[in-house]
Amino acid sequence: MKNLISLLKYLKPYKKWAFLAPLLIVFEVIMDLCMPNIMANVINIGIGENNTNYIVFNIILMCILTILGILGSIGSAYYAAKASGYASADIRKKVFEKITNLSFLNLDKIKTGHLITVLTNDITLIGEIIMYLLRLIFRIPIILVGSILMAILISPKLSIILVFIVPITTLVVSILMKKAFPKFQEVQERVDDVNTVVRENVSGIRVVKAFVNENYEIDKFDKANKKLRQISVKAIRIINVTMPVMMLFINIAIVFVLWYGGIEVMNKDMLIGDIIAFIQYLSNILTSLLMASVVIVMLSHSEASALRINEVFNYKSDLKNTKKYKKSKLKGKIEFQNVDFSYDQGSGNLVLKNLNFVIDPGQTIGIVGSTGSGKTSLVSLIGRFYDITKGKILIDGVNIKDYDLNFIRKHVVFSLQQPVLFSGSIKDNLKYTNKDISDDEMIKVSKIACVHDFVMEKENHYDYKIEQKGTNLSGGQKQRISLARALLSKPDILVLDDTTSAVDINTDLAIRKGLKKFYNDITILMISSRISTVINADKIIVLDEGQIVGFDTHDKLLKENKVYQAIYKSQIKDGDLDD
Ligand code: M5T
Ligand code: MG
């Protein structure tokens, strides 16, 4: 229960509504408690004694009570929905913020399907339970106790039946609910699985189709879906048994009341109206018990969801942002001292081993190496996407861990290996980091990144709508937009991870010339599988199986470095070194 309770703090800003909801329901409770009694009086006194005035008076009273009750109920529903809706929206926002702020290492470990279920199903469920709680928290106990008292007042003798029927009902309902609890928790986990399959499939649908693997994927989905169906049916079946069982108890009780009450009436110990009122109170009591049990099921069901929400809140970003050192801009000196790095801290599985190098401000550094040699991993350390296992990384002579994380991210800018564009116009994407960039500047930079020409060929030019994930752009076009976006965020250190891999050699050359001309003062790290891209770099880092096996100019490396020579030779053969 503690997880759910801890989420109730999100009701705080809406406490006015959260108080009004249970308060207004009191009108409905008064109606529920008074009506049977008034009805009994109408029958006993009004009809029994032929007193028309009494009947009219009480019917008017019943109408007023009903209207008040309905108004109270509507008002309560309104405020409960408002409070729970706002609170759950706040929770959703917090979870979303938390996910956005998670470190790469966290995100590597958590399934996206899980996060989506938390953001949708779990939070929706919490919203619902908060709403029910606000409406029922007073209603159930007051009706329960009130109806028991009224029943005893009407007939202490008949009330003996309560001593039997209330514990039996409570017991049966709680056994059923106890069976349903774990099933509902499992439902949520199976929803996770379905979400994961769907997400993987929808985002990879092109690959699936390209491999004509639809049937396999449909099978996979079927399996997850079937499991969800099975467990949902089981859970709902238990709940569905509860209702008829309750009806059975209510009916048995009514039969008993009619039988025993009938004898009492004949003996003139009781009035007919009282029997009707008693039956009404009795069913009030039993339905309250049922409602209580449903709330308890929902509570436990939602506790599982609350736990999952809190789990997301409790993910500790493994990147500590404590010292928060900032300055106006970075000069761009990068120093690696004995750096070891592993994605799986503690496993000893080093991706990068004993890196040592110094890059001076304003240098352009090429990074080459076979696939999987650790190029992407190396540069991701400069943006502090991960913390290193051993050694030190200094930027402008200051340990990277002492900088404010956001400062580093703002000043060390990446154009990633797989460019991610957002749906929206090309302009939206280019101005992603800063909406205030002028169109003139955007066009100037777009020309450097060789974006301008192809944009002018699209309809609406810079307002050309990019589809989700940029499907209506070519790979090279996406890469160049990603490069322009990086340039427009005015980096002090620019990291290009194979950014021109899908761009033809002439365009690649034009981009490099532009960078040299306009971005000569910033430090640029340029990963490339093509030697031609890095040939003019001030220095080139040659990586091999996570180790630096060369760090020099192209000419020197070509003379002395075996690994570099091998890469060079293989590319001459492929005709890749045209410039
Ligand atoms: C180097 C592993 C990968 C490889 C090694 C990005 C990433 C990589 N790895 C992980 O375990 N988790 C990750 O998130 O690290 O990989 P890299 O740095 O991506 O290599 P690269 O950039 O030189 O390769 P490529 O293909 O981009 O040229 O063993 O399994
Ligand atoms: Mg890579």
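Let's start at the ligand: a polar side-chain atom of Lys-375 lies 2.7 Å from an oxygen atom of ligand 1. An N or O atom in the side chain of Ser-377 is 2.4 Å from an oxygen atom of ligand 1, and a backbone N or O atom of Gly-372 lies 2.8 Å from one. How much of ligand 1 does the protein bury? Taken alone, ligand 1 exposes 610 Å², and the protein buries 60% of that. These areas come from the Shrake-Rupley method with a 1.4 Å probe, and for residues only the protein chains shown count as cover.

Before going further, a word on what you're looking at. This is a predicted model, so local features need pLDDT of at least 70 and side-chain atom pairs count only at pLDDT 80 or more, while totals for chains, interfaces and linings use all residues. Residues are numbered from 1 along each chain as its sequence is written, chains are lettered from A and ligands numbered from 1 in the order in which they are written, and side-chain values use heavy atoms, leaving out hydrogens and water.

### Around the ligand

Which residues surround ligand 1? They are Tyr-343, Val-351, Ser-370, Thr-371, Gly-372, Ser-373, Gly-374, Lys-375, Thr-376, Ser-377, Tyr-386 and Gln-417, where a residue is near a molecule if one of its heavy atoms lies within 4 Å of it. Sorted by class, this shell has 3 nonpolar, 8 polar and 1 charged residues. In that sorting, Ala, Val, Leu, Ile, Met, Phe, Trp, Tyr, Cys and Pro are nonpolar, Asp, Glu, Lys and Arg are charged, and the others, Gly among them, are polar.

Helix H11 covers residues 375-382. Helices (H or I, at least four residues) and strands (E, at least two) are DSSP runs, numbered from the N terminus. H11 is mostly covered, with 7 of its 8 residues buried. Buried means under 20% relative accessible area, exposed over 50%, and partly exposed in between (1.4 Å probe, protein chains only). Lys-375 and Ser-377 are among the buried residues of H11, as are Leu-378 and Ile-382. After H11 comes Arg-384, whose phi is positive, near 50 degrees.

### The nonpolar core

How many residues does the largest nonpolar core have? It has 44, and those with the most contacts inside it are Leu-162, Ile-165, Val-257, Phe-278 and Tyr-281. The elements giving two or more residues to this core are helix H2 (15-47), helix H6 (139-154), helix H7 (160-203), helix H9 (214-266) and helix H10 (272-314). H7 gives the largest share, 13 residues. A nonpolar core here is a set of buried Ala, Val, Leu, Ile, Met, Phe, Trp, Tyr and Cys residues joined through side-chain atoms within 4.5 Å.

Leaving aside neighbours within four places in sequence, Phe-278 is in contact (heavy atoms within 4.5 Å) with residues including Ala-151, Ile-154, Leu-158 and Val-257.

| Residue | Relative accessible area |
|---|---|
| Asn-3 | 12%, buried |
| Asn-58 | 5%, buried |
| Asn-201 | 12%, buried |

Asn-3 sits in helix H1 (residues 2-7). Not counting residues up to four places away in sequence, Asn-3 touches Glu-303, Ala-306, Leu-307 and Asn-310. The side chain of Asn-3 makes a polar contact of 3.1 Å with that of Glu-303 and one of 2.9 Å with the side chain of Asn-310. A polar contact is a pair of N or O atoms within 3.5 Å; within protein, one must be able to donate a hydrogen and the other to accept it, and residues adjacent in sequence count only if both atoms are side-chain atoms.

Asn-201 lies in helix H7. Its side chain is joined to that of Glu-217 by a polar contact of 2.7 Å. Asn-58 belongs to helix H3 (residues 52-101) and, beyond neighbours within four places in sequence, is in contact with Ile-38 and Val-42.

### Two loop residues with positive phi

Most residues other than glycine have a negative phi. Val-212 has a phi near 45 degrees, a positive value. Val-212 lies in the loop between helix H8 (205-210) and H9 and is exposed, at 66% relative accessible area. Glu-545 also has a positive phi, near 45 degrees. Glu-545 is in the loop between strand E11 (539-544) and strand E12 (547-552), and counts as exposed at 60% relative accessibility.
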